[in-house]
Amino acid sequence: MHCKAISVPPVLAGPILRRATPSRVALWLALSAPANVRVTLSVGSEVIFNTELNADSECYTLLKVGAKLNYMLLDLSLAEPLPEDCWISYQVDLKFADTLDYDWSSTSQCDAELCYPDRSRPGFIIPSRISSVLHGSCRKPHHDSGDGLVEADHMLGRILASEDAGTVAETAWPSMLVMAGDQIYGDDVAGPMLQAIHQLLEVLELPVEMLSPLELEGISDSPSLYAHADSYYRRENLLPKIEHNRALLDTFFGGVKKPIFTTDTAANHLITLGEYLAMYLLVWSPIPWQLINIEVPASLDAKEKLLYDKEWTVLKTFANRLPDVRRLLAHIPVAMIFDDHDITDDWNLNRDWEEAVYGHPFSQRVVGNGLLAYLINQGWGNSPEDFDKQLLSQVNNALKKPGQDEYDALIEQLLSFERWGYEWPTSPPMIVLDTRTRRWRSESSAHKPSGLLDWEALTDLQRSLRGQSSVLLVSTSPIYGVKLIEVIQRIFTWFGKSLMVDAEYWMNHPGTAHGILNVFRHKKTPQNFVILSGDVHYSFVYDVELRGSSHGPDIWQICSSGLSNSFPKRLLSVLDYLNRWLYSARSPLNWFTGRRKMRIIPRKPEGENPGRRLLNAPGIGLVELDEEGRPWRIRQFVADGKAVSFARVEDESRWD
């Protein structure tokens, strides 16, 4: 296949609607060439905003990554506020150097893909208050299941089809989509996906990333990595190893050594910046898949070929659904935050891990590449003001020569960056926590898990909550998890094996546990906390009430996971039943929990086995809120089209 001869379309991915308020609207696109842009916003037939932007415009940023890969970042500032609670259609026209005028068709590709039936333009609603939130996490492309984002797209289509022409009910249209981690799996990549990534990189003509300073034998740059005999299904042979860190190298009680990266799915682990960037394009847009031709690599043995064929069967279905995903992301404000798999498994889990990974130039580069890709594809749109022109200029300069001194200096800066968490000024406000890079490291032992927020971050959170009556709090890891699973994680931690069971939960670090519970008990804390979480690959809902306090707050822990992932079915079934009986309302084991005395009421997923409290079904969550910011209905839309409601079961409350 001669990739460089392929004609690349103007738009590779997007537009993706990011933060949208009456005064600011953020849009993200991936383009094959730099372009000027004209953005038009309309209500009905009336144009309410129209502007032309180029590289000199204040609210326009273009990041040039390769000869045929550019990222357009638009942060539109509006002098006149946009109307709330009504349908606003938008049009993004592009003008390239070889075209005479602006052209909408270059953005839309075809209206059938980007727009819903009977509509010629995409659109969105800016709500005066948050009435409902779509949320989910953990979307692994080669997981053999449906896709929660596709289900969300179908939901929006049903809403539009049920409304009168030209109108959409504000109470029906979800206010936002929260993607709470693991939007990509950088450490768990299918063979056909890695081949698609490499073909796409050749098509887009990305610059060579220098790898010679990273102590890789026989590998000096990205092309030599891609051509290496161990590039497919054997990358664990390339990842760095160290001899002195037994806690990281042992799989179980003095067993087999592992690489610095502790994931057990490292066979196709992403390494270069280009690989991370291409992965995003391939999970968000159908267009890049049209530029490649998947074939079994000649280097694979018989066993690897069987696995390759199996993975490709699943990936073809995933890719065929991407037009729906692209349409969804163009129509609803999307909030994102990283979790470990966006970079690598066990990312910053404990001090041992950090010392090993950041003490080796190769592993630090891999983490830095993943973090830079996150900035470009996810982080910027969450809170554009936190990524100023100076930082984005540094990014642009570093992208010209990846792997060289200026690039490594940028990675060092990103590794110490502290503004990944953010707030949206919605009603109620949404606060998204960075539970990956602002961790509270254990001082007693390097192998003990770090707290998910350090003291400074907890103080910042308390400050943000003052004066609020209700809040949406996004924590990738559930603050209130399944008690039995947390006990198992604690036991493994005691034996020094926290990495084996991903022992990263809020109550595992005394400082963080004490801090977050004090936030809830503070006299100026909001009355209503809705906590949205993911990570665990199953879904559940807890109602949480403070004991001994007549004024609350009331807390709802709502976990939706995964969008396209699940927990081992039999194992989760056993854990679910054991947790219900071992930690029932009258169980003496509750006296040994690490939480303050709180009333925990697990909700039952309706239509499931009567004993189940955990839902193991890929899909997407929908939380509907009343005027006070309290959930009045909580559902999981399963990828097979079924909607499962979580009903309160009063007789199962317990003091935790």
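Two rings of Phe, Tyr or Trp, with the six-membered ring taken for Trp, count as a pair if their centres lie within 6.5 Å. In this predicted model, one aromatic cluster is formed by Phe-338, Trp-347, Tyr-374, Phe-387, Phe-417 and Trp-420.

By the rule for pairs, the count comes to 21 aromatic pairs. In one of them, the ring centres of Trp-87 and Trp-173 are 5.3 Å apart and the planes stand at 90°, so this pair is edge-to-face. The pair links distant parts of the chain, as Trp-87 and Trp-173 are 86 residues apart. Trp-87 belongs to strand β7, residues 87-96, while Trp-173 is in the loop between α3 (148-162) and β10 (176-179). Trp-87 has a relative accessible area of 10% and is therefore buried. Trp-173 also counts as buried, because its relative accessibility is 2%. A further aromatic pair, Tyr-422 with Trp-424, is tilted, with 6.2 Å from centre to centre and 50° between the planes. Tyr-422 is buried at 5% relative accessibility, and Trp-424 is buried at 4%.

Trp-87 has another neighbour to look at. The charged end of Arg-119 sits over the ring of Trp-87, at 4.8 Å from the ring centre.

Now to the chain as a whole. The protein chain has 656 residues, and 63% of them count as buried. Its secondary structure comes to 17 helices and 23 strands. Among contacts with a separation of 6 or more, 76% are between residues 24 or more positions apart. The accessible surface of the chain comes to about 24500 Å², and carbon and sulfur atoms account for 51% of that surface.

Met-72 is placed in strand β6, residues 69-77. Its relative accessibility is 0%, so Met-72 counts as buried. Leu-27 and Met-72 are 45 residues apart in sequence, and their C-alpha atoms are 8.1 Å apart in space. Leaving out residues up to four places away in sequence, Met-72 touches Leu-27, Trp-28, Leu-29, Leu-31, Ala-35, Val-37, Tyr-60, Thr-61, Leu-62 and Leu-94.

The second residue is Glu-275, which is found in helix α7, residues 273-284. With a relative accessibility of 0%, Glu-275 counts as buried. Which residues does Glu-275 touch, not counting those up to four places away in sequence? They are Leu-194, Ile-197, His-198, Leu-201, Leu-225, Tyr-226, Arg-235, His-269 and Leu-270.

On the surface, Val-574, Leu-578 and Leu-582 form a nonpolar patch, and together they have about 220 Å² of accessible area. Leu-582 is part of helix α17, residues 569-582. Leu-582 counts as partly exposed, because its relative accessibility is 34%.

The backbone has some details of its own. Most residues other than glycine have a negative phi, and most peptide bonds are trans. Asp-118 is not a glycine, yet its phi is positive at about 70°. This residue lies in the loop between α2 (111-114) and β8 (123-125). Is Asp-118 buried or exposed? At 85% relative accessibility, Asp-118 counts as exposed.

Asp-346 is not a glycine either, and has a positive phi of about 65°. Its place is the loop between β11 (334-336) and α10 (351-358). Asp-346 has 0% relative accessibility and so counts as buried.

Which kind of peptide bond leads from Ser-427 to Pro-428? That bond is cis, with omega near 0°. Pro-428 is in the loop between β12 (422-424) and β13 (430-432). Ser-561 and Gly-562 are likewise joined by a cis peptide bond, with an omega of about 0°. Gly-562 is in the loop between β17 (554-559) and α17.

Notes:
Residues numbered from 1 in each chain as written. Predicted model: local features only at pLDDT ≥ 70, side-chain atom pairs only at ≥ 80, totals over all residues. Heavy atoms only, no water. Phe/Tyr/Trp six-rings, centres within 6.5 Å; stacked < 30°, edge-to-face > 60°. Helix = DSSP H or I, 4+ residues; strand = E, 2+ residues; numbered from the N terminus. Buried < 20%, exposed > 50% of the residue type's maximum accessible area, 1.4 Å probe, protein only. Lys NZ or Arg CZ within 6 Å of the ring centre and 35° of its normal. Patch = residues over 30% accessible without salt bridge, like charges linked within 9 Å, V, L, I, M, F, W, Y side chains within 5 Å. Areas by Shrake-Rupley, 256 points an atom, 1.4 Å probe, with all protein chains shown as cover. Salt bridge = Lys/Arg side-chain N within 4 Å of Asp/Glu carboxyl O. Contact = heavy atoms within 4.5 Å.
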